[in-house]
Amino acid sequence: MAPSVEPRDDAKTEREKAIDDWLPITSSRNAKWWYSTFHNVTAMVGAGVLSLPYAMSHMGWGPGITVMVLSWIITLYTLWQMVEMHEMVPGKRFDRYHELGQHAFGEKLGLYIVVPQQLVVEVSTCIIYMVTGGKSLKKFHHTVWPNATDIKLTYFIMMFASIHFVLSHLPNFNSISVVSLAAAVMSLSYSTIAWTASLSKGVQKDVSYNPSGTTPTDTTFNFFNALGDVAFAYAGHNVVLEIQATIPSTPDKPSKKPMWKGVIFAYIIVALCYFPVSFVGYYVFGNSVDDNILITLEKPNWLVAMANMFVLIHVIGSYQIYAMPVFDMMETFLVKKLKFAPSFKLRFTTRTLYVVFTMFIGMTFPFFGGLLGFFGGFALAPTTYFLPCIIWLAIRKPRIFSLSWCTNWICIILGVALMIVAPIGGMRNIILSAKNYKFYQ
């Protein structure tokens with residue numbers, strides 16, 4: 001099947017240009033390099049960072065440090081590949097992940113390979129952020145007003161969703177840049193609070209660094225789930241091409257240069273967030289740490305309340321970053337396939353229904369720790385760890401046993417192993433949590 005390449009900009013009809021100018025991914029191409037920094041930080045650093053000490057408690061020092069550092073290196077490499085492939089065809093930009101997949105595997109097969117995975121990633125991430133936002137709001141309320149009447153988590157998730165009923169109607173990536181910048185600043189802030197507050201507490205009495213689990217079976221499944229937590233933490237690749245699409249590009253100044261500059265700065269910030277939180281949190285609390293380190297940090301109250309508010313602001317931005325490509329897919333399908341006229345009413349209806357859907361699922365299944373592990377392995381591992389490598393091999397065709405060929409195959413093997421084992425641990429945790437769960441508590 002021949003690869004599909006869309007017509008060049010000058011070959012597009014007036015209607016196609018008008019649709020592209022309306023769709024959220026292609027409507028604005030005037031972003032600066034630093035936009036890619038805070039968009040990528042907001043996309044990657046999120047709920048996942050708070051579960052990393054918990055993941056470390058299931059892996060132990062040696063495997064934990066190895067997995068954390070290796071994931072940072074592999075995902076930086078695969079992100080570089082995607083940035084490079086954005087404009088690999090002269091006169092053509094792959095503005096969306098599935099367009100790159102279609103170029104590599106053919107129009108239909110590329111769509112079937114990429115779109116389901118990307119949708120699972122982005123929708124599940126939005127659901128998880130609904131839960132995270134609600135839990136952070138509840139923790140903030142409980143910390144500031146400890147004697148107040150207990151309010152169900154369901155209501156806090158609804159409060160969090162109400163913000164998105166407004167923000168979701170911002171038209172494109174550049175219009176949410178202020179929200180994304182605030183979210184990126186918050187991520188660095190609450191990460192710093194998490195590890196400095198942990199360090200100030202000092203190593204706890206009777207701390208144990210043995211991987212948690214009462215039986216060898218428990219320990220094994222917990223290790224699998226921890227791999228999913230780490231995979232979730234490094235998930236920013238599903239929106240990277242969509243972010244790069246907002247940067248202007250000319251033959252003399254391709255978008256990959258400012259994009260890569262932004263990515264480097266983003267990954268430095270990611271390292272400053274992830275490694276101290278993971279290693280210091282585990283060092284202080286050992287295997288007694290909770291699946292959200294802010295729960296373990298009970299005092300000082302004002303600091304824990306502030307950190308939870310920072311998390312809340314950050315996941316507001318993260319939700320929008322992951323929702324925007326979904327909005328783009330829905331709106332593209334409606335106006336290009338079903339021939340709806342681009343309009344505010346269409347956009348308002350589709351986006352409102354999406355927020356309602358993610359809110360309802362989040363309220364119904366708020367298994368935070370298990371959700372991270374399950375979706376981290378099942379959905380995020382392919383699109384982050386090895387699908388870019390497969391696309392690179394399919395398009396670039398490096399010489400067999402060359403450095404590029406070997407590097408890509410190593411990433412593919414590790415990524416496939418992660419995709420197989422991580423959801424097993426995550427699903428087991430969800431089942432164990434569900435045993436004692438009552439709906440809408």
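Is Y234 buried or exposed? Y234 counts as buried, because its relative accessibility is 0% and the cut-off for buried is under 20%. The model is predicted.

**Nonpolar cores**
- The largest nonpolar core has 120 residues, and V230, Y234 and Y274 touch the most other members.
- Helix α13 (residues 301–337) gives the most to this core, namely 15 residues.
- A second, separate core has six residues, among them L23, L334, V335 and L346.

**V230 and S71**
- Apart from neighbours within four places in sequence, V230 is in contact with L52, A55, M59, V67, M68, S71 and Y385.
- S71 belongs to helix α4 (residues 61–85).
- S71 has a relative accessible area of 6%, so S71 is buried.
- Not counting residues up to four places away in sequence, S71 touches V230, Y234 and Y385.

**Aromatic rings**
- The count of aromatic pairs is 19.
- In the pair Y234 and Y274, the ring centres are 5.2 Å apart and the planes are at 80°, so the pair is edge-to-face.
- This pair links distant parts of the chain, 40 residues apart: Y234 is in the loop between α9 (216–233) and α10 (240–244), and Y274 is in helix α11 (residues 256–285).
- Y274 is also buried, because its relative accessibility is 0%.
- One aromatic cluster is formed by W33, W34, Y35, F38 and F265.

**Charges over rings**
- R347 has its charged end over the ring of W22, 4.2 Å from the ring's centre.
- R396 has its charged end over the ring of W392, 4.5 Å from the ring's centre.

Conventions. Residues are numbered from 1 along each chain as its sequence is written. This is a predicted model: local features need pLDDT of at least 70, side-chain atom pairs count only at pLDDT 80 or more; totals for chains, interfaces and linings use all residues. Side-chain values use heavy atoms; hydrogens and water are left out. A nonpolar core is a set of buried Ala, Val, Leu, Ile, Met, Phe, Trp, Tyr and Cys residues joined through side-chain atoms within 4.5 Å. Buried means under 20% relative accessible area, exposed over 50%, partly exposed in between (1.4 Å probe, protein chains only). Helices (H or I, at least four residues) and strands (E, at least two) are DSSP runs, numbered from the N terminus. Contact means heavy atoms within 4.5 Å. Rings of Phe, Tyr and Trp (its six-membered ring) pair if their centres lie within 6.5 Å; planes under 30 degrees apart count as stacked, over 60 as edge-to-face and the rest as tilted. A charge sits over a ring if NZ of Lys or CZ of Arg is within 6 Å of the ring centre and within 35 degrees of the ring normal.
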